[in-house]
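Here are a few notes to read with the picture open. Take them one at a time and find each spot as you go.

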Amino acid sequence: MKKVKKGDTIKISYVGTFDDGSKFDETEPNEPFEFVVGSEEVIEGLDKAVVGMEIGEKKELHISCEEAYGEYDETLVLSVPKDSAPEGVELEEGNVYTFPLENGESIDMELVEINDDEYIFDGNHELAGQNLNFNIELLEIA
């Protein structure tokens, strides 16, 4: 039977939970998740775990935050004085804004708090610092 290898396009179904058992994501029935193994489309721990699987095989995974979305990084939290915001721009909590970096790249940051004096932005992924658990089933190898 064929086994998953790097470069294969695969389809899986999954349920993702935190260590406390609460669910953070799952595939919908008849809507599997498709990705190319080894292409950095998914978190490292999931990418590694599917290699060698066969169609119909199921796995339970515990993926540390280091192999998921990384540790929570306090240096990616930015406080911006309210008076430095461009005039006429209405910033809203929960929205994501793009900030230019000195090297010419940019970073997307969510506005997580608005207080009297400042805006607080966070560039961490919402699952940063979290260990993740997955129950997966390999449905297809293309």
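1. Strands themselves are DSSP runs of E, at least two residues long, numbered from the N terminus. Now look at β6 (residues 96-100) and β7 (residues 106-114): they run antiparallel and are joined by five bridges. In one of these pairings, Tyr-97 has Met-109 in β7 as its bridge partner.

2. A quick word on what you're looking at. This is a predicted model, where local features need pLDDT of at least 70 and side-chain atom pairs count only at pLDDT 80 or more, while totals for chains, interfaces and linings use all residues. Residues are numbered from 1 along each chain as its sequence is written, and side-chain values use heavy atoms, with hydrogens and water left out.

3. Back to the hairpins. Five residues sit between β6 and β7, and Gly-104 in that turn has a positive phi of about 95 degrees. β7 also forms a hairpin with β8, with three residues between them. β7 and β8 (residues 118-122) are antiparallel too, over four bridges, and Glu-110 is partnered with Asp-122 in β8.

4. Is Asn-133 buried or exposed? Asn-133 counts as buried because its relative accessibility is 15% (buried means under 20% relative accessible area, exposed over 50%, partly exposed in between, with a 1.4 Å probe and protein chains only). You'll find Asn-133 in strand β9 (residues 132-141).

5. Finally, Glu-66 lies in the loop between β4 (58-63) and β5 (77-81). Its C-alpha is 8.6 Å from that of Gly-45, 21 residues away along the chain.

Key. Two strands pair if DSSP finds at least two bridges between them.
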